[in-house]
Amino acid sequence: MTAAAFIPARAQSTRLPGKNLRTVGGVPLVVRAAQVADEAKRRGLLDQIIVDYESWTTMAPIESAGLRVTALPRADDMRGANVRVVDLVRNWLWGCPV
C-alpha cells in the first residue's frame, strides 16, 4: 500500500490569523492534525505523513510533540492565499510548481 497524509500548514491564514497554532484542548491545531495522521500510520492506514509548511514556527510544535513527519518547505512561488491545496499536492508529487 502507498498512502500519504498531506497536511498543508500555511502560516498566514487570512480569515483566522495564526490558525494552525491556535489550541484546542491545549493542543495546537497543526499538532492535532499530525497526531490523527500518526495514529492512522500506526494502524497501518498510511505510509507517510507530509507537512507542507511556509514558516518553521508552524513546524516547531510538531517536532516538540515528538511526531515523525516529512517536513516539506513550501516554495516561494507556492505561497499566498490563492494557492490551492491540489496545486501543493501536485508540486509535492511531481517536484515542480504547476
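This is a predicted model: local features need pLDDT of at least 70, side-chain atom pairs count only at pLDDT 80 or more; totals for chains, interfaces and linings use all residues.
View 1. Let's start with the overall layout: the chain holds 3 helices and 5 strands. Read from the N terminus on, the elements follow the order β-β-β-α-β-α-β-α. The radius of gyration is 13 Å, close to the 13 Å that the globule rule gives for 98 residues, so the chain is as compact as a globular protein of that length. Along its principal axes, the C-alpha trace spans about 35 × 35 × 20 Å. Of the 98 residues, 33% count as buried. How many of the contacts between residues at least 6 apart in sequence join residues at least 24 apart? The share is 55%.

**View 2. Helix 1 and its neighbours.** Here we zoom in on helix 1, which covers residues 29-42. Its 14 residues reach 20 Å from the first C-alpha to the last, close to the 20 Å expected at 1.5 Å a residue. Which residues of helix 1 are buried? They are Val 30, Val 31, Ala 34, Ala 37, Asp 38 and Ala 40. As you trace them, keep one rule in mind: an α-helix has 3.6 residues a turn, so residues three or four places apart point the same way. After helix 1 comes Gly 44, which has a positive phi, near 85°.

View 3. Now look for Thr 58, which sits in helix 2. Is Thr 58 buried or exposed? With a relative accessible area of 2%, Thr 58 is buried, because buried means under 20%. Leaving aside residues up to four places away in sequence, Thr 58 touches Ala 9, Ala 11, Asn 20, Leu 21 and Val 30.

**View 4. The largest pocket and its lining.** Our last stop is the largest pocket, which holds about 280 Å³ of space. Of the 14 residues that line this pocket, Arg 10, Ser 13, Lys 19, Ala 81 and Val 83 are the closest to its centre. What kinds of residues make up the lining? The lining divides into 6 nonpolar, 4 polar and 4 charged residues.

Notes. Residues are numbered from 1 along each chain as its sequence is written. Side-chain values use heavy atoms; hydrogens and water are left out. On a 1 Å grid over the protein atoms alone, a cavity is a set of points where a 1.4 Å probe fits but cannot get out, and a pocket is an open set with protein on both sides within 12 Å along at least five of seven lines; lining residues have an atom within 4 Å of a point. Grid points are joined across faces, edges and corners, and a volume is the space filled by probe spheres set on the points. Ala, Val, Leu, Ile, Met, Phe, Trp, Tyr, Cys and Pro count as nonpolar, Asp, Glu, Lys and Arg as charged, and the others, Gly among them, as polar. Helices (H or I, at least four residues) and strands (E, at least two) are DSSP runs, numbered from the N terminus. The expected span of a helix is 1.5 Å times one less than its number of residues. Buried means under 20% relative accessible area, exposed over 50%, partly exposed in between (1.4 Å probe, protein chains only). The radius of gyration is taken over C-alpha atoms; the globule rule is 2.2 Å times the number of residues to the power 0.38. Contact means heavy atoms within 4.5 Å.
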